[in-house]
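Subject: Two-chain model for your files

Dear colleague,

I am passing on the structure we spoke about, together with some notes on what came out of it.

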Amino acid sequence: MATAVLAVPRSVSPTWQRFREALRRHPTAIVGALVLMAMVLIAVLAPWLGTTDPLALSPVERLRSPSGEHWFGTDMLGRDVYSRVIYGSRISMTVGVAVAALSIAIGLAIGLVTGFVRWLDAVVMRVMDGLMSIPSVLLAIALMALTKASVGNVIVAITLAEVPRVVRLVRSLVLSLREQPYVEAAVAAGTNLPLILLRHILPNTVAPLLVQGTYICASAMITEALLSFIGAGTPPNVPSWGNIMAEARSMFQLAAYLIYFPGVFLSLTVLAVNLLGDGMRDALDPRLARRM
Amino acid sequence: MIVYILRRLGATLIVMAVVALFVFSLLFLTPGDPAAVIAGDVATPDDIQQIREKLGLNKPFLVQFGGWVVRLLHGDLGTSIFTNLPVTKLIAQRVQPTLSLTLLTLFVAVLVAVPIGVIAAAKAGTWTDRSVMGFSVLAFSIPVFVLAYVLISIFSIHLEWLPVQGYRQFGDGLWPWLSHLILPSIALGTVYTALIARITRAAMLDVLAQDYIRTANAKGLAPRAVLTRHALKNAGVPIITVIGIGVALLISGAIVTETVFAIPGIGRLTVDAILRRDYPIIQGVILLFSGIYVLINLLVDLSYRLFDPRIRY
């Protein structure tokens with residue numbers, strides 16, 4: 001009996017296999033991933049990409065069209081738009097990733113607990129319903145009107161608007177998972193609640209949350225730009241894409257490039273994240289793949 | 001049915017109460033002194049004290065909240081810090097442009113999106129389908145205001161077909177009114193259209209896989225009749241749901257669109273209020289928009305039976 005070794009090779013997890021297969025079937029997701037990687041590199045390597053100080057004023061050279069010296073031209077204060085746009089990627093990336101990570105973490109914690117502790121559920125979900133009925137941009141506007149403009153506050157404001165959606169998702173996952181036989185078995189075996197959540201529920205929420213996270217990241221980047229554009233976002237001295245476009249608002253007929261360069265960077269980044277998200281969703285949920 | 005409507009109304013009231021409590025408590029929950037933030041960097045202690053009194057921040061929380069709710073129930077949204085005018089009056093002056101913009105956008109978007117989604121589903125897997133899906137991903141990725149500027153530069157500056165900015169009252173004639181709303185509507189409605197088209201397609205694909213569709217096709221019903229009468233009607237519930245949920249996109253988008261196109265609506269009022277940190281106005285706008293949003297989604301809920309008589313309340 002000692003030689004009863006199973007002949008099955010160490011199997012690759014089916015989820016992972018499906019993941020790779022689907023990525024192969026979705027070239028757009030690969031394109032998205034590549035563009036996104038390029039954007040991350042741009043954000044990280046900003047100081048070494050031929051940029052100058054994004055805040056350096058040069059009134060003599062204001063509103064110059066794109067040229068060999070200033071690739072994206074200069075703005076109304078003579079600042080180099082190329083440098084500002086490249087450095088701006090750091091703000092967008094930071095906000096996108098931070099909001100996604102924070103809202104997933106908070107939403108996961110609330111959702112897990114409310115899904116299992118029934119008496120909490122009713123109260124928490126009413127609060128979440130209330131928060132969700134405030135359009136997210138308005139919610140962020142309210143917060144930003146009462147706090148000092150800073151990147152951190154923008155992150156908090158957008159996160160608060162996103163958390164209820166994550167709670168909803170996690171809660172619905174938990175409600176269906178807790179009916180699964182293996183969870184019932186764990187309950188019957190006397191496993192305590194934290195361990196059930198950690199061992200049996202949490203791992204099953206990873207895939208949907210990963211997908212949700214990419215969408216949150218994309219929408220957070222758009223919301224940040226939008227908030228900055230209407231003056232409720234990052235402080236004016238931060239070269240974020242939204243701010244660059246906000247400052248160019250009155251200048252549009254004179255210098256449309258001030259809007260187009262950051263606009264194209266922003267749209268491309270969001271597009272890349274969305275494509276990646278679509279690919280991951282298809283990969284992780286084959287049932288949905290055909291439909292959406 | 002009546003019981004269901006009453007229960008839903010009750011739930012709606014609770015939601016609105018949460019919204020009101022939240023919007024009000026923000027003044028207290030935000031770290032730091034909101035009065036100082038609102039007053040700005042150059043304010044004297046006197047200014048700050050004045051704003052504190054105006055907002056009632058010097059009284060205990062419950063007293064303030066109680067008074068605020070009572071006034072709210074009497075239709076009083078408070079007074080603007082900057083202009084000293086009642087918020088309800090300020091909002092009422094701005095209703096027409098915003099209503100024109102959002103309603104026009106809503107109707108056009110639904111009229112465009114649903115057929116697009118149906119066609120995409122009917123031709124699933126073809127290039128038509130793929131371009132609809134491509135359009136929707138693109139639309140999700142381009143911010144409203146970037147799209148707005150692209151439209152202005154093409155249709156207003158280069159082709160000179162449409163006005164660059166501004167708004168005309170409906171009373172000034174149909175074309176002046178409409179011509180000022182075409183570009184804003186397109187800019188605002190693109191994401192909304194993409195969202196509805198995408199859900200329509202998904203819902204249609206679900207329905208088209210059903211047995212009764214095969215039966216309808218097998219008995220020789222015209223494909224068009226199968227698509228509209230058999231499939232679309234049964235795909236109605238998710239479509240109408242997303243039309244309701246998507247109104248949030250219209251509301252958020254209107255704020256930005258009105259800024260770009262210099263439309264003197266509620267969105268513009270909000271943006272001006274942000275710049276002046278006129279919190280009572282922001283509070284009022286949030287309550288109004290959230291109320292409309294909740295109401296629309298209540299109506300959507302109640303309309304499910306029109307599409308699916310099997311639904312019992």
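This is a predicted model: local features need pLDDT of at least 70, side-chain atom pairs count only at pLDDT 80 or more; totals for chains, interfaces and linings use all residues.

The model scores ipTM 0.85 and pTM 0.85. For chain B the mean pLDDT is 86, with 98% of its residues reaching 70 or more. Among the elements of that chain, helix H2 (residues 34-39) of chain B has the lowest mean pLDDT, at 74, while helix H6 (residues 95-122) of chain B has the highest, at 93.

The two chains

Chain A has 11 helices and 0 strands, and of its 292 residues 47% count as buried. If one takes the contacts in chain A between residues at least 6 apart in sequence, 70% of them join residues at least 24 apart.

Chain B has 16 helices and, again, 0 strands, and its C-alpha trace spans about 80 × 55 × 40 Å along its principal axes. Buried residues make up 40% of the 313 residues in chain B, and among its contacts between residues at least 6 apart in sequence, 73% join residues at least 24 apart.

The contact between the chains

Chain A brings 41 residues to the contact and chain B brings 45 residues. On the side of chain A that touches chain B, the elements giving two or more residues are helix H4 (118-132), helix H5 (136-146), helix H8 (193-229) and helix H10 (257-284) of chain A. Of these, H10(A) gives the most, with 9 residues. Sorted by class, the side of chain A that touches chain B holds 26 nonpolar, 9 polar and 6 charged residues.

Helix packing

In chain A, the axes of helix H3 (residues 81-116) and helix H6 (residues 151-177) come within 6 Å and cross at roughly 40°. The crossing of H3(A) and H6(A) is right-handed, and the residues of their contact divide into 21 nonpolar, 7 polar and 2 charged.

In chain B, helix H7 (residues 127-141) packs with helix H10 (residues 182-208) at an angle of about 140°, and the two axes are 9 Å apart. That angle is why H7(B) is described as oblique to H10(B), the limit for roughly antiparallel being over 145 degrees. H7(B) passes H10(B) in a left-handed crossing. On the H7(B) side the contact is made by Val132(B), Phe135(B), Ser136(B), Ala139(B) and Phe140(B), and on the H10(B) side by Thr190(B), Val191(B), Ala194(B), Ala197(B), Arg198(B) and Arg201(B). By class, the residues of the contact of H7(B) with H10(B) divide into 7 nonpolar, 2 polar and 2 charged.

Arg201(B)

Arg201(B) is found in helix H10 of chain B, and it counts as buried because 28 C-beta neighbours lie inside 10 Å, where 20 or more are required. Leaving aside its neighbours within four places in sequence, Arg201(B) is in contact with Gly117(B), Ala120(B), Ala121(B) and Val132(B); of these, Val132(B) is also listed among the residues of H7(B) that make the helix contact. The C-alpha atoms of Arg201(B) and Thr215(B), which are 14 residues apart along the chain, are separated by 21 Å.

Asn84(B) has a phi near 65°, a positive value in a residue other than glycine. Asn84(B) is placed in the loop between helix H4 (61-73) and helix H5 (87-93) of chain B, and it counts as exposed because it has 8 C-beta neighbours inside 10 Å.

Glu160(B) has a phi near 55°, which is likewise positive in a residue other than glycine. Its place is in the loop between helix H8 (144-158) and helix H9 (174-179) of chain B, and Glu160(B) is exposed, with 9 other C-beta atoms within 10 Å.

With best regards

Key: Residues are numbered from 1 along each chain as its sequence is written. Chains are lettered from A and ligands numbered from 1 in the order in which they are written. Axes are lines fitted to C-alpha atoms, for helices over the stretch in contact, and angles run from 0 to 180 degrees between N-to-C directions. Helices (H or I, at least four residues) and strands (E, at least two) are DSSP runs, numbered from the N terminus. Angles under 35 degrees count as roughly parallel, over 145 as roughly antiparallel, 65 to 115 as roughly perpendicular and the rest as oblique. A crossing is left-handed if the near helix is turned anticlockwise from the far one by less than a right angle, and right-handed if clockwise. Two residues are in contact if their C-beta atoms, placed from the backbone, lie within 7 Å. Ala, Val, Leu, Ile, Met, Phe, Trp, Tyr, Cys and Pro count as nonpolar, Asp, Glu, Lys and Arg as charged, and the others, Gly among them, as polar. A residue is buried if 20 or more other C-beta atoms lie within 10 Å of its own, exposed if 12 or fewer, and partly exposed in between; C-beta atoms are placed from the backbone. pLDDT is the predictor's confidence in each residue, from 0 to 100.
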